[in-house]
Amino acid sequence: MNDKLLSFLGIAMRAGSIVFGMDEVKKNILKNKIKLILTANDISDNSYLKIQKHSIVNNIEFLKIKNTKDDINMILGKYSAILGIKDINFANKIKSIVQEDNILNKC
């Protein structure tokens, strides 16, 4: 799989800038460490609503990506539908990759 977003997430993970799962993301939100929240495309409705609520209350940008939990697991080795990005520079680059991908998909 040649996916620019997942490749970049691999770099961010090796740098220690990603936390995985609802509990870890919520814990880091309370510590004001999360700059961006990503959710897999196949996240459950209940989990989606919970993490969306936390992102709104704490004013954290929230993106649902096209990749599934299986895609994330295959590249990053973590089976999770929720990812928290802790570094602002990684968060900004991820947002630009997602935006670029969305523009390309519309053509």
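N32, with a positive phi near 60°, follows α2. Helices (H or I, at least four residues) and strands (E, at least two) are DSSP runs numbered from the N terminus. The model is predicted: local features need pLDDT of at least 70, side-chain atom pairs count only at pLDDT 80 or more, and totals for chains, interfaces and linings use all residues. Residues are numbered from 1 along each chain as its sequence is written, and side-chain values use heavy atoms, leaving out hydrogens and water.

**Exercise 1.** Find which residues of α2 (22–30) are buried, and on which side.

Step 1. Buried means under 20% relative accessible area and exposed over 50%, with partly exposed in between (1.4 Å probe, protein chains only).
Step 2. M22, V25, N28 and I29 are buried in α2. They lie on the same side of α2, because their arc around the axis is only 140° (taken from the directions from the helix axis to the C-beta atoms).
Step 3. D23 and L30, on the other side of α2, are exposed.
Step 4. The buried residues pack against β1 (18–20), β2 (36–39), α3 (45–57) and β4 (82–85), contact being heavy atoms within 4.5 Å.
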